[in-house]
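Hi everyone, thanks for coming. Let me take you through one fold today, so please have a look at the screen.

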Amino acid sequence: MNDFIREISREAMLELPLAHYEGEICLVTGEAELARARADLMQETIIGWDTETRPAFRKGESYPPALFQAATARAVYLFQLRHAEHFGLLADLLGEKRIVKAGVAVADDLKKLRQVFAFVEHNMLDLGLAARRAGYAQTGLRNLAGLALGIRIAKGAKTTNWAAAQLMPQQIRYAATDAWVCRELYLKFESGGVLQAD
């Protein structure tokens with residue numbers, strides 16, 4: 001584990017190839033998509049996940065998460081959290097002991113998700129904490145993507161309105177990419193022995 005790069009400069013990051021998720025993205029809107037998402041997610045042993053929240057620009061202003069995204073080996077599923085019919089599946093997923101849920105800064109995401117629906121989480125893995133224990137100096141999602149995967153992820157859609165009824169194509173791609181990167185990081189860390197330090 002002594003041969004990996006622990007830090008990356010902004011200049012070096014800009015030289016990396018820009019990447020995004022190129023697989024199937026399913027924006028879950030109806031019962032058929034919800035059933036399909038359940039079948040796919042619940043057969044997995046590892047998913048990458050993240051949330052997106054409407055940005056706050058004024059002091060004291062905050063919003064609950066608006067989007068939950070989950071990546072399997074086959075697709076990324078996006079759940080708009082204004083649809084309460086999604087909560088049962090998401091609670092089941094977060095609570096499923098057999099499935100590793102890998103993300104970055106998961107404690108904060110879980111705390112905010114509890115503002116939206118009730119759940120008891122099991123088998124959560126914070127990739128940032130695992131990376132820090134293994135000696136990485138930078139442990140945010142974008143830095144880890146550069147350091148471990150050799151790719152650069154766009155940040156452009158981060159401050160868009162995630163609570164909008166209709167998500168823009170760039171928002172959908174951005175959100176799917178974040179969840180996919182979390183899954184790819186887990187697989188890279190697992191094969192590279194990083195998780196043994198966790």
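I'll start with the sheet and then move to the helices.

A quick note on the model: it is predicted, so local features need pLDDT of at least 70 and side-chain atom pairs count only at pLDDT 80 or more, while totals for chains, interfaces and linings use all residues. Residues are numbered from 1 along each chain as its sequence is written, and side-chain values use heavy atoms, with hydrogens and water left out.

So, the sheet. Six strands make an open, mixed sheet, ordered β1-β4-β3-β2-β5-β6. Strands here are DSSP runs (E, at least two residues), helices are runs of H or I with at least four, and both are numbered from the N terminus. Two strands pair if DSSP finds at least two bridges between them. β1 (24–28) and β6 (124–126) each have a single partner, so one side of each has no neighbour in the sheet. Further in, β2 (residues 46–53) and β5 (residues 100–103) run parallel, joined by three bridges. Gly 48, for instance, has Ala 102 of β5 as its bridge partner.

Now the helices. α2 (residues 31–42) and α3 (residues 87–95) pack at about 5 degrees, axes 11 Å apart. Axes are lines fitted to C-alpha atoms, for helices over the stretch in contact, and angles run from 0 to 180 degrees between N-to-C directions. The two are therefore roughly parallel, a label for angles under 35 degrees. Their contact (heavy atoms within 4.5 Å) includes Leu 34 and Leu 41 of α2 and Leu 89 and Leu 93 of α3.

Finally, helix α4 (residues 106–113) lies across β2, β3, β5 and β6, at about 60 degrees to β2.

Conventions
Angles under 35 degrees count as roughly parallel, over 145 as roughly antiparallel, 65 to 115 as roughly perpendicular and the rest as oblique.
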